[in-house]
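Please go through this protein chain one topic at a time. Keep the sequence beside you as you read.

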Amino acid sequence: QVQLVESGGGLVQAGGSLRLSCAASGRTFSGYAMGWFRQAPGKGREFVASINWNGNSRSYAASVKGRFTISRDNAKNMVYLQMNSLKPEDTAVYYCAAELSPVVSPRAEYWGQGTQVTVSS
C-alpha cells in the first residue's frame with residue numbers, strides 16, 4: 001500500500017503561482033511513477049503531469065505545458081507540482097497518484113484525497 005496526502009492548494013488570483021506537494025508513505029516510493037490529475041466541477045478527471053520513478057522523464061497535458069512543472073524528491077518521499085501563470089480554468093481539485101508504470105494513468109493504483117485550487121479572475 002502507498003498512502004498519498006496532498007497539500008498546498010488554495011485561492012490565488014489569475015497570473016499567480018501555487019506549489020502543490022504530495023507526501024507518500026508505505027511501500028517503496030522510488031519505484032513508482034507519480035503524477036497529478038485534476039477534476040473541475042461537472043467535469044471528468046483529467047491528466048495534468050507525470051514523472052517517472054527517477055525523475056528523468058516527465059510529461060504534461062498540453063493545457064499546462066510551459067506553466068506547470070512536476071518534480072520529485074525520492075529521499076523525502078515527496079512529489080511537487082509548481083504551478084505558474086495560473087488561469088481561472090485551472091480551478092479544480094488536484095489529485096496525486098502513484099502507479100508501477102513508466103507513466104501515471106487514470107488506472108493508477110493509488111490516489112490521494114485531493115486539494116482544492118481556485119483561481120480567481
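The model is predicted: local features need pLDDT of at least 70, side-chain atom pairs count only at pLDDT 80 or more, and totals for chains, interfaces and linings use all residues. Residues are numbered from 1 along each chain as its sequence is written, and side-chain values use heavy atoms, with hydrogens and water left out.

- An open sheet has four strands in the order 1-3-8-7, with antiparallel pairing. Strands are DSSP runs of E with at least two residues, numbered from the N terminus. Two strands pair if DSSP finds at least two bridges between them.
- Strand 1 (2–7) and strand 7 stand at the edges. Each has a single partner strand, so one side of each is left without a neighbour in the sheet.
- Neighbouring strands of this sheet are turned by 15° against each other on average, direction ignored. Such angles come from axes, which are lines fitted to C-alpha atoms; angles run from 0 to 180 degrees between N-to-C directions.
- Strand 1 and strand 3 run antiparallel and are joined by six bridges. Across this pairing, Val 5 stands opposite Ala 23 in strand 3.

- Strand 7 covers residues 68–73, and its side chains alternate. Phe 68, Ile 70 and Arg 72 point to one face and are buried. Buried means under 20% relative accessible area, exposed over 50%, and partly exposed in between (1.4 Å probe, protein chains only).
- Strand 7 pairs with strand 8 (residues 78–83) in the antiparallel sense, over six bridges. Arg 72 stands opposite Val 79 in strand 8.
- The two strands form a hairpin with four residues between them. In the turn, Asn 77 has a positive phi of about 55°.

**The disulfide**

- The structure holds one disulfide. In general, a disulfide is a covalent bond between the sulfur atoms of two cysteines. Here the term is used for a pair of cysteine sulfur atoms within 2.5 Å.
- Cys 22 and Cys 96 form the disulfide, with their sulfur atoms 2.1 Å apart.
- Cys 22 lies in strand 3 (residues 18–26) and Cys 96 in strand 9 (residues 92–99), so the pair ties together parts that are 74 residues apart in sequence.
- The torsion about the S-S bond is about -85°, so the disulfide is left-handed.
- Cys 22 counts as buried because its relative accessibility is 0%. Cys 96 counts as buried at 0% too.

**Asn 52 in its loop**

- Asn 52 lies in the loop between strand 5 (45–51) and strand 6 (58–60). Asn 52 is buried, with a relative accessible area of 11%.
- The side chain of Asn 52 has a polar atom 2.9 Å from the backbone nitrogen of Asn 56. The backbone nitrogen of Ser 57 also lies 2.9 Å from a polar atom of that side chain.
- Asn 52 touches Tyr 32, Ala 33, Ser 57, Arg 72 and Pro 102, not counting residues up to four places away in sequence. Contact means heavy atoms within 4.5 Å.

**Gly 16 in its loop**

- Gly 16 lies in the loop between strand 2 (10–13) and strand 3. Gly 16 counts as buried, at 18% relative accessibility.
- Gly 16 touches Met 83, Asn 84, Ser 85 and Leu 86, not counting residues up to four places away in sequence.
- Gly 16 and Ser 120 are 104 residues apart along the chain, and their C-alpha atoms are separated by 9.7 Å.

Methods:
Polar contact = N/O pair within 3.5 Å; in protein donor to acceptor, adjacent residues only side chain to side chain.
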